[in-house]
Amino acid sequence: MAQFFYDEQIRRFMLQFARIFSNFQVEYGRNEEGTEHTLIRVPVRYGDSSRQAQTIIQQNSANELPSTPLMTFYVSGLDYARERMQDPYFVSTIAVRQRTYDDATDSYETTQGNAFTIDRLMPVPYKLTMKLDIWTSNTNQKMQLLEQILVLFNPALEIQSTDNYLDWTSLSVCELESTQWSSRSIPVGTENPIDIATLTFTMPIWISSPAKVKKLGVVERIVAQIFDAQGDASNAILDNDLLLGTRQVFTPYGYQVLLIGNKLQA
Amino acid sequence: MTMPRLSLYRPNRTNDYQFFDKTIKEMFTVGGLDIYIHKYLGPQTGDLGDQDATLPVYGSSNPLFIEDLLLLENRDRAYDPDVYIMRGVYRTQDVDFDLTQFGLFLNNDTLFISFHYNNMIDTFGRKLMVGDVIEVPNLKDYHPLDKSIPNALPRYYVIQDGNYSSEGFSQTWLPHVWRVKATPLVNAQEYQQIINQPFMPENIWDPGNFYPNGTVVNDGNTYYQANGNVPAGTPIDAVNPGTGQPYWTLIPNPTTVGDQMSTRPKDLEINDAILTQAYAEVPLSGYDTVKFYILPTTPEGQPAAAGYTADDTHPTVDGTETGEGITPKSFGYTMGYLTGGVDPGTGYLIPPNGLPVTPGVSFPQNAVAGDYALRLDYFPNRLFRYDGARWIKIEDNVRTDLDLATPALTQRASFVNNTYTVATTDLGNIPSRQSLSEILKPQADNGDAGGNLPPNPRPPGR
């Protein structure tokens, strides 16, 4: 049976990449009232959209007006990073204990829940290259955006694809590799006046195979209490499946029953 | 006897010229179509705040003026509110949509439109120039994908070039035709006066002598919507005697051209969706360890035999619990980067195993060993645990918002998204965030962003 696996690892880096450049603003100059300048938020979206999606955005009409300023991003390269290669066969093992999760309240209890051993295979290093195109209709607008963006990269900004503690590949940096001031030749002819400044970023990322989740592989459970989260001593002592696997039950003198309160437990 | 030299050339506008000109004009009238022109008037006036010699402040709009004398561009353009109509001729062509990152463009969608020169001067007052915006009415789109758009979408172009047309020279070698090159308009800063024009439904006037309920009318520069069927000729501020309510309701922010026929609202919507998902995947910097259980240990470092039980349904910090060994001394899962658990509701650090904590600006009285206290007066907030004699630091609340929140712990928030003010003795509250080039200059606002602001002092520790 084919084993499908897909964890949206590159997609998640792209999401966070877009987040870095979201919510920047530019100032639209002088209004007739002579009052404050108008601040306009600059949208960020994927640059390599499909023709159909773009057609929908534009109302299936040639009359729809494309909008500036705008930032678009796309992946321009994904290369194996040989210099960051480590032992490909290395397996990192980590033991974790979870808190009990209460489905009813959708929250964690203060007691111990399941315990697991997590095996993580050495991830594969890659260099992800992304380009950010900044579309502006005038030079002043471009300078406003670049001044706000460029101060963030000295030379890099941290980027995280998840906040899962066990995901050892989620943290990376987004490094500004190069900048291209303009897409136009100077002086400008009679062509499209929309100018594009292009920033090229690289991110050292890792692409990871799925982790292996097992029941906690220690010799014994550390008994911190005899009741489980539901206050059930019987289940906590006899039927607790925290460690999973096959268990052998040893009782004093091989007794088969246990008296708790007024109840006999088999 | 000699014949005069034969020559059709006429240096001046003679009767021949007039004859040709009238004939050519008639050709435009007969064979051309109406073209609507939005006349460029010059840079917008106003905004006296720019104290920059390269950004002169003009008292009036004039196409001779240039807004930015350094970058040589007119970014904020004023357009005549009146729309001029002229007859023009252009050659229709088959074009393909070219998909770019910026959107779909009609490949080679460049119109070369010819106008009768003298008619243009008479109607428009000057030659068409770069920056004038034209509307081609026969290219209106009556069927956009979104059927809720109330009007047909007009096709806008902006003139990129203007010159005499080669086919417009008559036999006397004098020109009669002005040819412009026009490319599709984009929703850009330069055209905001056009983009921000109202784009409301067409007036519907019922032949039955009333405006039907919901009708939108334009009174001056203001739009009103009918609250019911309104008799024709009713003043805009009249009150319906039957209901006691006004006939018309003011529409304070009418839908604009940019709202309805620009990709900008959709682009922002797409961006918001990306941000929502990005925030869901990484709400705070660092790693969330709230789901992990930490085994309490005894003072000797051995696993504690006693702990909270399921019977302790409402554990408190009022000192009724037993002593050391109940609560963990650390988060445990600290191998990593900015670990911890943060309550999304309060933003407070959650103690190990989600145990109760007393937040405050001082340590709680009558604490017993194992109690936690979160000091909110520390920046970042600091979690302490009482061991019976001392309050021992466990963790700082280092996980932070990655976006725009002012209290975020990032340099970006601290320096860029800095909305705090600084109190002065002479200028009231001045902004804390100031440009280095303008900082504390001896001018009225002690900087570049004004004084006498509402107070917003920086919290202690920031």
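## Exercises on a predicted two-chain model

Chain A exposes about 14,400 Å², and carbon and sulfur atoms supply 53% of it. The model is predicted.

### Exercise 1: Chain A in outline

Task: State how many helices and strands chain A has, and what share of its residues is buried.

Solution. 
1. Count the elements. Chain A holds 4 helices and 13 strands.
2. Turn to burial. Of the 266 residues of chain A, 45% count as buried.
3. Check the contact range. Take the contacts in chain A with a separation of 6 or more; residues 24 or more positions apart account for 70% of them.

### Exercise 2: The largest nonpolar core

Task: Find which elements supply the largest nonpolar core.

Solution. 
1. Start with size. This core has 34 residues, and A:F17, A:F21 and A:M71 have the most contacts inside it.
2. List the suppliers. At least two residues each come from α1 (9-20), β1 (25-28), β4 (70-80), β7 (124-136), α3 (139-150), β9 (171-180) and β10 (195-207) of chain A, and from α5 (264-281) of chain B.
3. Pick out the largest share. α1(A) gives 6 residues.
4. Look around A:M71. Beyond four places in sequence, its contacts include A:F21, A:V44, A:L132, A:I134 and A:I149.
5. Note a second, separate core. It has 21 residues, among them B:Y40, B:V133, B:Y156 and B:F199.

### Exercise 3: The setting of B:Q192

Task: Decide whether B:Q192 is buried or exposed, then trace its contacts.

Solution. 
1. B:Q192 lies in helix α3 (residues 192-195) of chain B.
2. Apply the cut-off. B:Q192 has a relative accessible area of 14%, so it is buried, as buried means under 20%.
3. Follow the side chain. The side chain of B:Q192 reaches the backbone oxygen of B:A188 at 2.8 Å.
4. Leaving out residues up to four places away in sequence, B:Q192 touches A:Y28 and B:N187.

### Exercise 4: Backbone geometry in loops

Task: Locate the cis peptide bond between A:T68 and A:P69, and describe the positive phi of A:D106.

Solution. 
1. Read omega. For the cis bond joining A:T68 and A:P69, omega is about -5 degrees.
2. A:P69 sits in the loop between α2 (51-57) and β4 of chain A.
3. Compare chain B. B:F379 and B:P380 are joined by a cis bond with omega about 0 degrees. B:P380 is in the loop between β18 (372-375) and β19 (382-386).
4. Read phi. A:D106 is not a glycine, yet its phi is near 55 degrees.
5. The loop between β5 (91-102) and β6 (107-121) of chain A holds it. At 57% relative accessibility, A:D106 counts as exposed.

Conventions:
Residues are numbered from 1 along each chain as its sequence is written. Chains are lettered from A and ligands numbered from 1 in the order in which they are written. This is a predicted model: local features need pLDDT of at least 70, side-chain atom pairs count only at pLDDT 80 or more; totals for chains, interfaces and linings use all residues. Side-chain values use heavy atoms; hydrogens and water are left out. Buried means under 20% relative accessible area, exposed over 50%, partly exposed in between (1.4 Å probe, protein chains only). A polar contact is a pair of N or O atoms within 3.5 Å; within protein, one must be able to donate a hydrogen and the other to accept it, and residues adjacent in sequence count only if both atoms are side-chain atoms. Contact means heavy atoms within 4.5 Å. A nonpolar core is a set of buried Ala, Val, Leu, Ile, Met, Phe, Trp, Tyr and Cys residues joined through side-chain atoms within 4.5 Å. Accessible areas come from the Shrake-Rupley method with a 1.4 Å probe; for residues, only the protein chains shown count as cover.
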